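Please look at the sequence and the structure first, and then read the points below.

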Amino acid sequence: MDKANLLPEFRVFLERVKEGEEAYPKGEDIPHYEYQGQRTKLGGSPDWIQGNEEEWPGCPHCKNKMRFVAQIDSVEHDWNSNPHRVDSLSEDQKWMFGDVGMIFVFFCFECLETISVFECG
């Protein structure tokens with residue numbers, strides 16, 4: 001693999017979310033952009049950017065609705081509250097998917113198939 005094409009590596013700490021909690025704060029009193037770059041999570045429900053519930057994929061083999069596994073945020077979004085921010089005008093910013101987009105990963109436990117869906121902010 002060409003090292004020039006590798007993304008900078010991040011360590012991921014897993015912590016089970018207690019019942020009634022969410023992976024990151026959300027709500028009407030929190031501006032939508034406040035946690036951009038920090039919304040990566042495993043499980044639960046996807047935090048659709050475009051509100052596209054209809055994008056939830058079906059398995060290409062069995063056609064059943066796939067299970068949501070993870071979402072990967074634009075980790076280096078240049079926002080003051082983001083501890084991993086990188087200057088958006090810098091060539092050092094590598095973890096930006098479109099306009100603060102997110103990759104959603106789905107899995108079929110029957111057919112062992114994966115599908116990812118991308119949405120942009």
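In which loop is the place of leucine 112? Leucine 112 lies in the loop between E3 and E4. The model described here is predicted.

**The sheet**
- The open sheet is formed by four strands, whose order is E1-E2-E3-E4, and their pairing is antiparallel.
- Strand E1 (41–42) and strand E4 (113–119) are at the edges, and each has a single partner strand, so one side of each is left without a neighbour in the sheet.

**Strands E3 and E4**
- Strand E3 (residues 102–108) and E4 run antiparallel and are joined by seven bridges.
- Within this pair, valine 105 of E3 stands opposite serine 116 in E4.

**Two residues with positive phi**
- As background, most residues other than glycine have a negative phi.
- Valine 100 has a phi near 55 degrees, which is a positive value in a residue other than glycine.
- Leucine 112 is likewise not a glycine, and its phi is positive, at about 60 degrees.

**Location and accessibility of these residues**
- Valine 100 is found in the loop between strand E2 (67–73) and E3.
- Valine 100 counts as buried because its relative accessibility is 7%, and the cut-off for buried is under 20%.
- Leucine 112, in the loop between E3 and E4, has a relative accessible area of 61% and is therefore exposed, as the cut-off for exposed is over 50%.

Note on methods: Residues are numbered from 1 along each chain as its sequence is written. This is a predicted model: local features need pLDDT of at least 70, side-chain atom pairs count only at pLDDT 80 or more; totals for chains, interfaces and linings use all residues. Side-chain values use heavy atoms; hydrogens and water are left out. Two strands pair if DSSP finds at least two bridges between them. Helices (H or I, at least four residues) and strands (E, at least two) are DSSP runs, numbered from the N terminus. Buried means under 20% relative accessible area, exposed over 50%, partly exposed in between (1.4 Å probe, protein chains only).
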